[in-house]
Amino acid sequence: MARDIQERIKKLIIDQRLPSGASLPTEPELMELLGVSRNSVREALKALQAMGIVEIRHGFGTYVGPMSMAPMIEGLTFRTVAGHYRGEDSLLQLLELREAVETGLIARLAGLVPAEDLAELDALVGRMDAEAAEGAVRAETDRAFHATLYRGLGNQLLGEVLEAFWDAFHRVRTDLVDVPQDPKVTCRQHREILDAVRSGDTLRAEQAIREHFGNIRTRLGSPAPTAVPNRVYDR
């Protein structure tokens, strides 16, 4: 019954083509429309809020939510942490998931990245050079490079999924494993990815991405888990 009510509210959002931020019917209206009790409506709305599908603003009403990847990120992060402390290679598995997606996409970009994106990528690699000289490439710069690289595909959902994978991996990696980094190698590999994509050489671009992820995989050689940190996944 609870799942059925959730599905009917989701169908309502879809059928009425409601965008994020649009107001939903009031609780009494939903009760009448769905033929269910107030408690059933409230429980369904709470569950949908946890998924980011609706947003409950107490004293104002219920609205279509942002439908962000936040629940997915939290789920990936928690699953990876839990698996790590069960002795599983969950962090490596998450890395391999990112690698599979990015390797599959890079061929579509070779020679097709817009000039303005190439200029931005050049600037980001330049920033990596400066950061490497100071001792470490910042995670924010690395993230911006990958986000900009695939932006030209024009697929918003894909961009959000890649961001979710990146965010979950780096949040967990930072908390669980102190991964050694040679900033000059990191910078060189990103420049090689950029140069390969710019040249239109598909095989070279795929090889550059694989080398980048292979380097991260090698550096991951993490020690066995010890104590579980306090709510490491809750940020």
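This is a predicted model: local features need pLDDT of at least 70, side-chain atom pairs count only at pLDDT 80 or more; totals for chains, interfaces and linings use all residues.
**Stop 1: a loop residue**

Start by selecting arginine 17, in the loop that links helix 1 (2-15) and helix 2 (27-34). Is this residue buried or exposed? Arginine 17 has a relative accessible area of 71%, over the 50% cut-off, so it counts as exposed. Now look at the backbone: phi is positive here, about 50°, although arginine 17 is not a glycine.

**Stop 2: a residue in helix 10**

Next, select isoleucine 216, which sits in helix 10 (residues 202-219). Its relative accessibility is 10%, and because buried means under 20%, isoleucine 216 counts as buried. Which residues does it touch, leaving aside those up to four places away in sequence? Show Leu95 and Phe169 to see these contacts of isoleucine 216.

**Stop 3: a pair of helices**

Finally, display helix 4 (residues 70-84) together with helix 5 (residues 90-109). Their axes come within 8 Å and cross at roughly 140°.

To see the contact itself, pick Leu76, Arg79, Thr80, Gly83 and His84 on the helix 4 side. On the helix 5 side, pick Ser90, Leu91, Gln93 and Leu94. Colour the selection by residue type and you will find 3 nonpolar, 5 polar and 1 charged.

Notes: Residues are numbered from 1 along each chain as its sequence is written. Side-chain values use heavy atoms; hydrogens and water are left out. Helices (H or I, at least four residues) and strands (E, at least two) are DSSP runs, numbered from the N terminus. Buried means under 20% relative accessible area, exposed over 50%, partly exposed in between (1.4 Å probe, protein chains only). Contact means heavy atoms within 4.5 Å. Axes are lines fitted to C-alpha atoms, for helices over the stretch in contact, and angles run from 0 to 180 degrees between N-to-C directions. Ala, Val, Leu, Ile, Met, Phe, Trp, Tyr, Cys and Pro count as nonpolar, Asp, Glu, Lys and Arg as charged, and the others, Gly among them, as polar.
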